[in-house]
Amino acid sequence: MTQTLLAFDVYGTLINPGAMSDVLRPTLGDSAEAVAAQWRASQLQLAFRRGLMGRYVEFSVCTRDALDVAIAAQGVDVDAATRDEWLSAYARLPAFEEVDAALASLVASGYRCVAFSNGTENAMQAVLGNAGLAHHFEALVSVDDIKRFKPDPVVYHHMARRMNVAHENAWLVSSNNWDIQGARHAGLKAAWIHRDKTALIEDPALVPNIEVERLDELAQKLAEGR
């Protein structure tokens with residue numbers, strides 16, 4: 001029987017970018033949550049915009065530039081040394097609480113597991129290694145290989161080619177609604193870890209095959225569909 005491949009988005013799915021508010025709080029106090037949320041939103045917006053324009057830069061550059069946007073938008077004053085500390089802390093973000101055990105269970109069940117991110121391979125290795133998750137994956141697949149960003153369809157096709165898997169045997173696992181829709185548009189199956197209850201699937205033609213609230217619910221849902 002052909003093994004099913006699970007390609008896991010990293011930031012927002014396995015790793016919690018919202019935890020940056022804890023890093024920011026000693027400096028920003030009550031503004032920490034707003035700056036962290038603006039930082040994440042601007043990070044994605046910059047990546048999407050640069051992808052559409054064909055002006056690819058590493059995702060870490062989008063992260064750096066988005067921090068400047070967030071600081072300016074919230075009207076806070078932060079020195080350069082503190083900004084550098086915050087950018088370094090991005091590589092030490094924690095995993096969501098259930099992720100380690102959930103990944104171990106999926107690997108033990110025979111699924112092929114890869115990490116698949118807009119971040120570079122080095123960035124993935126750092127953040128997943130620091131979170132104690134890197135050993136669960138047979139490969140780290142980065143959009144940097146082809147200099148495009150998810151949800152561009154070519155990125156999902158690249159992942160399937162690199163892992164030598166047919167689209168019908170490949171699943172994207174992501175908490176990001178835009179990522180789910182991108183994978184479905186490219187012909188992959190998709191499992192939505194619906195962490196943000198305000199997020200919607202805007203295109204009814206691109207709904208996920210599976211929807212769960214936490215990663216540790218995924219194994220049972222996949223087993224039900226076998």
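D77, D79, D84 and E85 together form a negative surface patch in this predicted model. Charged side chains also pair with one another here, as the structure holds 14 salt bridges. The points below treat the patch and then several of these pairs.

**The negative patch**

- The members of this negative surface patch are D77, D79, D84 and E85.
- One of them, D79, is placed in the loop that runs between α3 (59–74) and α4 (80–89).
- D79 has a relative accessibility of 46% and therefore counts as partly exposed, since that class lies between the limits of 20% and 50%.

**The salt bridge between R50 and D65**

- R50 and D65 form a salt bridge in which the closest N and O atoms are 2.8 Å apart.
- This pair links distant parts of the chain, with R50 in helix α2 (residues 32–53) and D65 in helix α3, 15 residues apart.
- R50 counts as buried because its relative accessibility is 17%, and buried means under 20%.
- D65 is likewise classed as buried, because its relative accessibility is 17%.

**The salt bridge between E98 and R195**

- In the salt bridge of E98 with R195, a distance of 2.8 Å separates the closest N and O atoms.
- E98 has a relative accessibility of 5% and so counts as buried.
- R195 has a relative accessible area of 23% and is therefore partly exposed.
- The two partners thus fall into separate classes, because E98 is buried while R195 is partly exposed.

- K147 and D144 are joined through their side chains by a salt bridge, with 3.6 Å from N to O.
- K147 counts as partly exposed because its relative accessibility is 44%.
- D144 counts as buried because its relative accessibility is 18%, which is under the limit of 20%.

Methods. Residues are numbered from 1 along each chain as its sequence is written. This is a predicted model: local features need pLDDT of at least 70, side-chain atom pairs count only at pLDDT 80 or more; totals for chains, interfaces and linings use all residues. Side-chain values use heavy atoms; hydrogens and water are left out. Patches are made of residues with over 30% relative accessible area and no salt bridge: like charges are joined within 9 Å, nonpolar side chains (Val, Leu, Ile, Met, Phe, Trp, Tyr) within 5 Å. Accessible areas come from the Shrake-Rupley method with a 1.4 Å probe; for residues, only the protein chains shown count as cover. A salt bridge is a side-chain nitrogen of Lys or Arg within 4 Å of a carboxyl oxygen of Asp or Glu. Lys and Arg count as positive and Asp and Glu as negative; His and the chain ends are not counted. The place of a charge is taken as NZ of Lys, CZ of Arg, CG of Asp or CD of Glu. Helices (H or I, at least four residues) and strands (E, at least two) are DSSP runs, numbered from the N terminus. Buried means under 20% relative accessible area, exposed over 50%, partly exposed in between (1.4 Å probe, protein chains only).
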